[in-house]
Amino acid sequence: FIDESKSSTGEIIFDFINSNSFLKINYQIALALYAAIMTDTGSFRFSKTNSELHRKVAKLLEFGLNTEEIYDQIYSQYDFSRNKMLGYALTTIKISESGKISYMIITQSMLKEANGIEADVDGFVNFALNTKGVKIGILFFELENGIKISYRSKEKIPVNQLAEKFKGGGHLNAAGSRLHHVHLDEIIPQVIDEAEKLIQNYESN
């Protein structure tokens, strides 16, 4: 089920529960929904965060959720392997010629060296987007049989359109692709070239 007008899967499930009479939100459900919404909205800072969503979240908070503890458990209790992999990834950051695209790379050798797993790289792409002047951030994650690509953007640059060119999809400012039987050295220049075109098209309109 897809509804791109919603901020997150958590919001969609919240609406589903409230649209029928045979389900009711309790503490455990409220906890899970709050965590889902918080993470998918970048801690309530992405574009789909509106007054309607905050009203829904307010209803979840009525169940006595400890928001500080939830944030700490999700974002401040990482395994050592994740922090080690982030260190590797940060050393790979590159900026495109235009200065508007930043990208980073995680290889299988980095993954094995850090004794990490795929889930450890969640959120790494945001570090690529944090550079001054950068409008698109990209993470290339080497899989055993392909490449996983994460895209993030600022303003209203539609990186979901970029993802669609590489068999992926997503939201306006956050999207992804998963490609099989391709290599980093061949896919990186293709993606960067298409990202530059996307920015040029956005800025010309």
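Leaving aside its neighbours within four places in sequence, which residues is Lys135 in contact with?

Modeller: The model is a predicted one, in which local features need pLDDT of at least 70 and side-chain atom pairs count only at pLDDT 80 or more, while totals for chains, interfaces and linings use all residues. Residues are numbered from 1 along each chain as its sequence is written, and side-chain values use heavy atoms, with hydrogens and water left out.

Lys135 belongs to the loop between α7 (125-129) and β3 (136-143); helices (H or I, at least four residues) and strands (E, at least two) are DSSP runs, numbered from the N terminus. Once neighbours within four places in sequence are set aside, the residues in contact with Lys135 are Lys100, Leu129, Arg152, Ser153, Lys154, Glu155, Ile157, Ile199 and Glu203, contact being heavy atoms within 4.5 Å. Lys135 counts as buried because its relative accessible area is 17%, and buried means under 20%, exposed over 50% and partly exposed in between (1.4 Å probe, protein chains only).

The side chains of Lys135 and Glu203 are joined by a polar contact of 2.9 Å. A polar contact is a pair of N or O atoms within 3.5 Å; within protein, one must be able to donate a hydrogen and the other to accept it, and residues adjacent in sequence count only if both atoms are side-chain atoms. Glu155 and Lys135, in turn, meet through their side chains in a salt bridge of 3.9 Å, N to O, the term requiring a side-chain nitrogen of Lys or Arg within 4 Å of a carboxyl oxygen of Asp or Glu. This pair links distant parts of the chain, since Glu155 is in the loop between β4 (146-153) and α8 (159-164) and Lys135 in the loop between α7 and β3, 20 residues apart. Glu155 is partly exposed, because its relative accessible area is 46%.

Glu203 has a further partner among the contacts of Lys135. Glu203 forms a salt bridge with Lys100, and the closest N and O atoms are 2.9 Å apart. Because Glu203 lies in helix α9 and Lys100 in the loop between β1 (94-95) and β2, the pair ties together parts that are 103 residues apart in sequence. Both residues are partly exposed: Glu203 has a relative accessible area of 37%, and Lys100 has 25%.

Helix α9 (residues 184-204) also holds Glu196. At 14% relative accessibility, Glu196 is buried. Apart from neighbours within four places in sequence, Glu196 is in contact with Ser96, Glu97, Ser98 and Ile101. Glu196 and Gly99 are 9.9 Å apart in space, C-alpha to C-alpha, although 97 residues separate them in sequence.

The whole structure contains three aromatic pairs. The pair of Tyr71 and Tyr75 is tilted, because the ring centres are 4.8 Å apart and the planes stand at 50 degrees. For such pairs, the rings of Phe, Tyr and Trp (its six-membered ring) must have centres within 6.5 Å, with planes under 30 degrees apart counted as stacked, over 60 as edge-to-face and the rest as tilted. Tyr71 and Tyr75 share helix α4 (residues 67-75), where four residues, about one turn of the helix, separate them. Tyr103 and Phe140 form an edge-to-face aromatic pair, 5.9 Å centre to centre with 90 degrees between the planes. Distant parts of the chain are linked here, as Tyr103 is in strand β2 (residues 101-106) and Phe140 in strand β3, 37 residues apart. Both are buried, Tyr103 at 13% relative accessibility and Phe140 at 0%.

The salt bridges number eleven. One of them joins the side chains of Lys56 and Glu52 at 3.3 Å, N to O. Lys56 and Glu52 both lie in helix α3, four residues apart, about one turn of the helix. Lys56 is buried at 8% relative accessible area, whereas Glu52 is partly exposed at 37%.
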